[in-house]
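Here's a quick briefing to keep beside you while you look through the model. Have the sequence and the 3D view open as you read.

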Amino acid sequence: MCRILLMKEPNGRNCLANGEKGAWCRLYFEEEFLNEVKEKNDIVDVVSSYVNLKRSGNRYIGLCPFHSEKTPSFFVNPGMQLYHCFGCGAGGTVIHFIEHIENLDFVEAVKFLAQRAGIPLPEEKDEVSEFTRLKRNIREMNKIAGRTYFRCLNSETGRGALSYLRGRGLSDDTIKTYGLGYAPNEWNFMYRTLKQNGFSDEDIVKSGLCLMKNGRIFDFFRDRVIFPVMDLRGNVIAFGGRVMGDGLPKYLNTGETPIFSKRQNLFSLNLAKNTSEDYMILAEGYMDVIALYQAGFQNAVASLGTAFCEDHSRLLKRFTNRVIISFDSDGAGQNATRKAVDILKKDGLQVRILKYSGAKDPDELIKKFGPEAYRTAIASSLSGVDYELSTIYPKGGFSDDEERIEYTKKAIGILKNIYNKLELEVYAKKVAEITKISYDSILAQVKQAQKHKKLETPVDIAEMAMLRKKSVSQSLLKLVVENPSYFPKIREKIKAEHFREELHKKIYEIFCELTDASQKPDVAMIIGKLNREEAKTASEIFMEKEPFLDFHIYLDSLLQKIENEAETVSFSDDDRDDMLKLLEYTKKLKQRNDKNDKKDS
Ligand SMILES: [Zn+2]
């Protein structure tokens, strides 16, 4: 059956290496069970508990929960049991939806939905999911490691580390809340501990707690203060380690493991998510976050061992609409701030930037001037534009006209990105005030700069991208899936090898296999066999807003062509031009028919 096809999915090793939660894990459940879960969880019902959906024709439409938008581009199709967002490309079946919105992996999402529909879970099979077994073991190892490091900190071995943390102003309560610990200065202390608990060398190395070098296994963290990283449910999933002296690297973090991805976790979000404040503070490192927590700001988070990225932003967006960035005040901090502002704004979050003087980071500010100073800084935090303007302002003010002009030029470069009239007026006035140049001149310069900017980017870029995306192979797949009666005819001529795009090929193969197993393949069934990334692209193919007009004509001619030339034809974007011409022609034909219809009636 289709099981054979699933076996051809990414091999286990790859799955583990990149935390891929693809079709490989799908083996965990029986096909029938998965079908029941999908049947009893109608996609409209499930999505409705997260998104306000309105009916529109035979589909439902709403504001996408995965990106920020004002006009809805998120569609749910009850007939196909699919969703797709034409804004950000998210899409798939009800299981993909739950994976995405609840931040779960495939197995967890299926369990979630089974529970929701009151379907009893099948007995867990040991040999089936190696990946699930490994994840469970790594979670267990992290739990043991967390406890052990904590115990070490509070024992004789950890005396130095404890006084280091106290020296940095942390109270015993804070140390306990964060479960801080100490990794002893030994080569294989943690390795021995995990071994005693019955874990295999292979699993221990995969947990990231130890590493293999020249055939020997060593502890990853040695003589460091340990900061456990928790997931949203409070499970330890990784660790950060900081040296106490001048050693390098200063910080060391667990690498990517099957249960931890640094792009998808924020330090202390498990605590910050419970805040009653309507904003979150984005800090640079864990020491800042912990210092803020202790000073009464329990809504601070930080990215770990990586720059703040789009995934982090989406994660934050689940809990707040407002973010205050509180990075270090040095050059690196300023650059990181600018990047984070861009990312957060793109997600539709309100962003403000904390600016303060007399300290290099929040930790120091609070130590020197107390929590009140930080609260004041929050109250007077700057908008993104104000912040940008403040970073280009010369320290001692303008010493001559040249500096004034230089500043004005740079300011116009910042203002030209504001297209909201009201907002532009506010900032143009500010710049006019600062530079003593008239408001009218500033505004005229900005408008001029905006004109140039528009010329740089073609207006219909989105439209062109859409056209580029529609390849012939996509259209063919859509046609086959929507009209299975065409399939026998098509299959005679077109083999999976004809598809150049791997994903298109895969969809076609799934379709063939399901048909061979005499199951009536529908869209949800096919997309259900793809991982989340693949489902995104695939749902777009099938949920295309505009149906392809009279594609049948094109297909007939294509089949004819294959027959005539008696050779194989690969489908690719090269055929796009033909396709577009044909679409144009069929559009005209349709218009003419419509006109005739009107005349007739
Ligand atoms: Zn979207």
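Lysine 436 sits in the loop between α21 (421-435) and α22 (439-456); helices (H or I, at least four residues) and strands (E, at least two) are DSSP runs, numbered from the N terminus. Bear in mind that this is a predicted model, where local features need pLDDT of at least 70, side-chain atom pairs count only at pLDDT 80 or more, and totals for chains, interfaces and linings use all residues. Residues are numbered from 1 along each chain as its sequence is written.

- Lysine 436 isn't a glycine, yet its phi is positive, about 60°.
- Lysine 436 counts as exposed because it has 9 C-beta neighbours inside 10 Å (buried means 20 or more other C-beta atoms within 10 Å, exposed 12 or fewer, partly exposed in between, with C-beta atoms placed from the backbone).
- Asparagine 103, in the loop between α6 and α7, also has a positive phi, near 55°.
- With 16 other C-beta atoms within 10 Å, asparagine 103 is partly exposed.
- The peptide bond from leucine 248 to proline 249 is cis, with omega near -10°, and proline 249 lies in the loop between β10 (236-242) and β11 (251-253).
- For context, most residues other than glycine have a negative phi, and most peptide bonds are trans.

**Helix α4**
- In α4 (residues 31-39), Leu34, Val37 and Lys38 are buried.
- They cover an arc of only 95° around the axis, so they sit on the same side of α4 (the arc is that of the directions from the helix axis to the C-beta atoms).

**Whole chain**
- The chain has 30 helices and 17 strands.
- Buried residues make up 38% of its 601 residues.
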